[in-house]
Amino acid sequence: MEGKVHSITARSSWTLLMSFISSFMSVGFGTCGIQFSAPAPACFDVDLIPSTLFSRKMFQIRKICCIGAGYVGGPTCSVIASMCPEIKVTVVDVNEARIKAWNSDTLPIYEPGLDEVVLSCRGKNLFFSTDIDSAIKEADLVFISVNTPTKTYGMGKGRAADLKFIEACARRIVEVSDGYKIVTEKSTVPVRAAESIRRIFDANTKPSLNLQVLSNPEFLAEGTAVKDLKEPDRVLIGGDETTEGQKAIQALCEVYEHWVPKSRIITTNTWSSELSKLAANAFLAQRISSINSISALCESTGADVEEVARAIGMDQRIGSKFLKASVGFGGSCFQKDVLNLVYLCEALNLPEVASYWQQVIDMNEYQRKRFACRIIDCLFNTVTGKKIALLGFSFKKDTGDTRESSSIYISKYLMDEGANLHIYDPKVLKEQIIQDLSQPSISGDNPQRVLELVTVTSDPYEACKSAHALVICTEWDMFKDLDYEKIHNQMLKPAFIFDGRRVLDHLHPQLQSLGFQIETIGKKVTTRLPFTPSGGVPRITLNEPPNKKSKA
């Protein structure tokens, strides 16, 4: 009788093992017709089966929902859909106009190569919708890719990240979800934000609900987002060190392994993942502020910051990336993340560390203000009523994003002096430019002056016609190929060029022969004597200390 019972157990265990192997191979190779079968042995020791064989059965992600159709969620999920045709990807947003644009021929954001990616899979396995609840319910994985702006009110104003949208997403997910889901932070968030999400989940849990929280920060750069997503330096995934947490991490790893080598996928705990994102952006911002500080020294000594950057960049310990002097960094991440890091250090009673990173922001503000003062100084210490052509308004080339663009702040300083600005950018809409310059931190309590002082043009030559100066604020490639002889003939004399991006270095001899007075970042091009007025000074001065609490 004992042998008979043992024989039944052996056959059952063997069948279970064969079933598991078949299902595993089906997961790994799809429906390729491979089947496994073998006669059950008379005696089979169940103890020989590793205990982890059944407990670690893979959770497969077949449907993804991304909450937030902005600069992160849209491109990221478009590339995932392109690389994983068997996964259904739905991007949702409360903004109907934005979703409508994603479903049209004119996407709401500009990124080289993004149109092709979206068109290749939209309507097949990539969808854009405003039906948030349905997308969450059917998803195996939910990305949270909403905005986390710097707070403009209350505690932490000017430094801390505002997590109200993250919290709203967490509450909505737990309200409409059922079964097992992986919820992943994609937005840049402060350290321990995942813990806040988990606390909301735990406080509102249901018997049938199992939500795992991961951190998967993005490291894409606007202007090269598609390339960065398809060929990432690394993919970072953080999660709990529990069995369930590791299971969730592995499931997300399998999505990226469709096109990313395993060696480039890094797994950490949640807190390390969150802090790594802040630290990465802080280090990049620090390099820009560092080379910008050297640019000021170069202008005073006769050195060329480009030559200095090349010399130090050839040191393999330093490297050449992010050593391009300019009018300052911008974009949605650098300033926000550094300020977030400053606030975190202050909250943890690390004032020296907070002060160190605050200097990165202070130097960026100094560089912008210094450039504006240089324009005013060269134009005989007054720009009141003078037409100034400002070429480029996005924070960098190959994107239409204007968030924290240096062009906004340079425009502010020039408007404070009464300059008439004629602005041209090939990708930024007129409405966006007016909106950016009309925000209270830029126009103060008089947004009407923006309409009086700012003209947005669709032609760079029209912007430069009868202008006293031409100011390059964004490194668009097209600015290298403009007909500067035509521009010089139309400008008032002396005609000035202020190159805030060093895009015209190769044209200096030609431009000088045409009669241009050239001023550029980190180099003396034109020998000049500063104009000394008999009375009055610019209302902006470099002696003023930078604002400690930058307004987003």
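How many contacts beyond four places in sequence does the model have for residues 548-552, where pLDDT stays under 50? I looked that up to begin with, and found 19 contacts. This is a predicted model, so I checked the confidence before anything else.

**Entry: confidence**

The protein chain has a mean pLDDT of 87, and 85% of its residues reach 70 or more. I also noted residues 529-537, where pLDDT stays under 50. For that stretch the model has seven contacts beyond four places in sequence.

**Entry: helix H8**

Next I turned to helix H8, residues 193-203. I listed its buried residues as Ala193, Ala194, Ile197, Arg198, Ile200 and Phe201. Looking down the axis of H8, I see these buried residues fall within an arc of 155°, so they line one face of the helix. On the face turned away from that buried side I find the exposed residues Arg199, Asp202 and Ala203.

What covers the buried residues of H8? I noted several elements, including strand E4 (141-144), helix H7 (164-176) and strand E5 (179-185). Strand E6 (209-215) and helix H11 (270-301) are also among them.

Which residue does the side chain of Arg198 meet in a salt bridge? I found Asp240, at 3.0 Å from N to O. Arg198 sits in helix H8 and Asp240 in the loop between strand E7 (235-239) and helix H10 (243-256), so the pair ties together parts that are 42 residues apart in sequence.

**Entry: other salt bridges**

I got a count of 24 salt bridges. One of them joins Arg317 and Asp315, with the closest N and O atoms 2.7 Å apart. Here Arg317 is exposed at 75% relative accessibility, while Asp315 is partly exposed at 22%.

I also looked at Arg449 and Asp416, whose side chains meet in a salt bridge at 2.9 Å, N to O. This pair links distant parts of the chain, with Arg449 in helix H18 (residues 448-453) and Asp416 in helix H15 (residues 406-416), 33 residues apart. Arg449 is buried, with a relative accessible area of 13%, and Asp416 counts as buried too, at 19%. I then found salt bridges with shared partners that join Glu299, Arg370, Arg374 and Glu519 into one network.

**Entry: cysteines**

How many disulfides are there? I searched the whole structure and found zero.

How values were computed
Residues are numbered from 1 along each chain as its sequence is written. This is a predicted model: local features need pLDDT of at least 70, side-chain atom pairs count only at pLDDT 80 or more; totals for chains, interfaces and linings use all residues. Side-chain values use heavy atoms; hydrogens and water are left out. Buried means under 20% relative accessible area, exposed over 50%, partly exposed in between (1.4 Å probe, protein chains only). Helices (H or I, at least four residues) and strands (E, at least two) are DSSP runs, numbered from the N terminus. The arc is that of the directions from the helix axis to the C-beta atoms. Contact means heavy atoms within 4.5 Å. A disulfide is a pair of cysteine sulfur atoms within 2.5 Å. pLDDT is the predictor's confidence in each residue, from 0 to 100. A salt bridge is a side-chain nitrogen of Lys or Arg within 4 Å of a carboxyl oxygen of Asp or Glu.
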